[in-house]
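Hi everyone, thanks for coming along. I'd like to walk you through one chain this morning, so let me put it up on the screen.

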Amino acid sequence: MALIELFTDPRFPCPQRVHLVIKELGIDVNIRDVNLEAKGHKSTEFLKMNPFGALPCLKDNSFDPPFVLYESRAIVRYLAIRYGQGRLMPNPFNAQATALFEQGASTELTSFDPTANRLVFEEIFKPKFFAESQGSIDSALVASLRSRLLVVLDILDRILGHQGYMAGQEFSVVDLFYVPYMHHLTTSVYPSALENRPHLKSWWEDMMLRPGYLEITQCSRYS
Ligand SMILES: N[C@@H](CCC(=O)N[C@@H](CS)C(=O)NCC(=O)O)C(=O)O
């Protein structure tokens with residue numbers, strides 16, 4: 001049996017977070033495709049692994065019984081610690097580095113994601129995959145998300161004016177957490193997002209060179 005199995009639909013941003021770290025750290029993972037449109041993630045079998053019925057989900061068969069984990073950011077941290085020799089994570093015995101890492105991780109989860117995720121869903125994924133079940137684009141919501149997002153992007157630009165990466169001076173998994181939604185913002189939903197935000201722009205230019213980014217943007221299975 002494969003050692004690590006990743007249940008994924010690589011066309012979607014949350015699974016892509018995990019694909020990015022796998023590529024970045026060169027971890028050997030067996031891909032188990034679950035088609036979101038075909039509702040594979042709502043099957044009884046899948047719900048036993050992730051009761052929320054969402055992707056991604058990881059199964060590590062090096063344990064008996066296998067270790068099952070859902071939530072993309074938790075999976076990324078787990079893979080970096082267990083299979084990446086702790087790379088892209090702070091030294092857990094360095095209190096300040098760990099605190100700054102958690103500060104950066106919380107900023108992504110509580111400030112960036114609620115606006116970027118919702119906006120990208122509304123403008124890209126809803127019309128593309130879920131129009132029948134979720135209706136058309138809600139333009140009032142889009143307008144409000146856009147103005148809230150700009151405030152967050154301004155703050156991120158200021159933060160990156162005095163540190164190189166989202167969670168401090170080192171590149172970490174927190175930078176990867178941002179990548180899937182930043183990709184959709186900068187390429188289609190909000191191409192002007194980086195205008196007049198020089199620090200954010202230069203950080204993003206750096207991210208676009210990462211091996212995982214090149215894979216998710218150049219390989220057709222991710223789109
Ligand atoms: N917080 C979760 C969110 C997971 C999530 O919502 N995944 C989406 C794909 S980006 C999904 O499976 N959507 C289908 C659904 O919720 O029915 C994570 O980061 O893993």
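This is a predicted model: local features need pLDDT of at least 70, side-chain atom pairs count only at pLDDT 80 or more; totals for chains, interfaces and linings use all residues.

Let's begin with the ligand. Which helices each supply at least two residues of the shell around it? They are helix H1, residues 13-25, and helix H3, residues 72-83. If you want to find the spot on screen, the residues around the ligand include Phe12, Pro13 and Cys14, then Leu36 and His41, the run Gly53, Ala54, Leu55 and Pro56, and finally Glu71, Ser72 and Arg73.

Now let's step back to the whole chain. The domain assignment gives us domain 1, at 4-84, and domain 2, at 95-218. Their C-alpha centres lie 21 Å apart. In the contact we find 14 residues from domain 1 and twelve from domain 2.

Which elements give two or more residues to the side of domain 1 that touches domain 2? Here we meet H1 and H3 again, and H1 gives the most, with eight residues. That side of domain 1 divides into six nonpolar, two polar and six charged residues.

How does UniProt see the chain? An unreviewed entry there has a "GST N-terminal" domain covering residues 2-87. In our model that span is 36% helix and 20% strand, with its end C-alpha atoms 23 Å apart. The unreviewed entry also places a "GST C-terminal" domain at residues 94-223. Over those residues the chain is 74% helix and 0% strand, and the end C-alpha atoms are 39 Å apart.

Let me finish with one helix pair. Two packed helices are described by the angle between their axes and the distance between the axes. For helix H4, residues 95-129, and helix H6, residues 139-160, the angle is about 145° and the axes are 9 Å apart. The crossing of H4 and H6 is left-handed. On the H4 side, the contact includes Phe112, Ala116 and Leu119, along with Arg118, Glu122 and Glu123. From H6, the residues include Leu141, Val142, Leu145 and Leu149, with Arg146 and Arg148 among them too. In total, the residues of this contact divide into eight nonpolar, two polar and five charged.

That's my tour, so over to you for questions!

Note on methods
Residues are numbered from 1 along each chain as its sequence is written. A residue is near a molecule or strand if its C-beta atom, placed from the backbone, lies within 6 Å of it. Helices (H or I, at least four residues) and strands (E, at least two) are DSSP runs, numbered from the N terminus. Domain bounds come from an automatic or database domain assignment. Two residues are in contact if their C-beta atoms, placed from the backbone, lie within 7 Å. Ala, Val, Leu, Ile, Met, Phe, Trp, Tyr, Cys and Pro count as nonpolar, Asp, Glu, Lys and Arg as charged, and the others, Gly among them, as polar. Axes are lines fitted to C-alpha atoms, for helices over the stretch in contact, and angles run from 0 to 180 degrees between N-to-C directions. A crossing is left-handed if the near helix is turned anticlockwise from the far one by less than a right angle, and right-handed if clockwise. UniProt positions are given in the numbering used here, feature names are shortened, and annotations may be inferred rather than shown by experiment.
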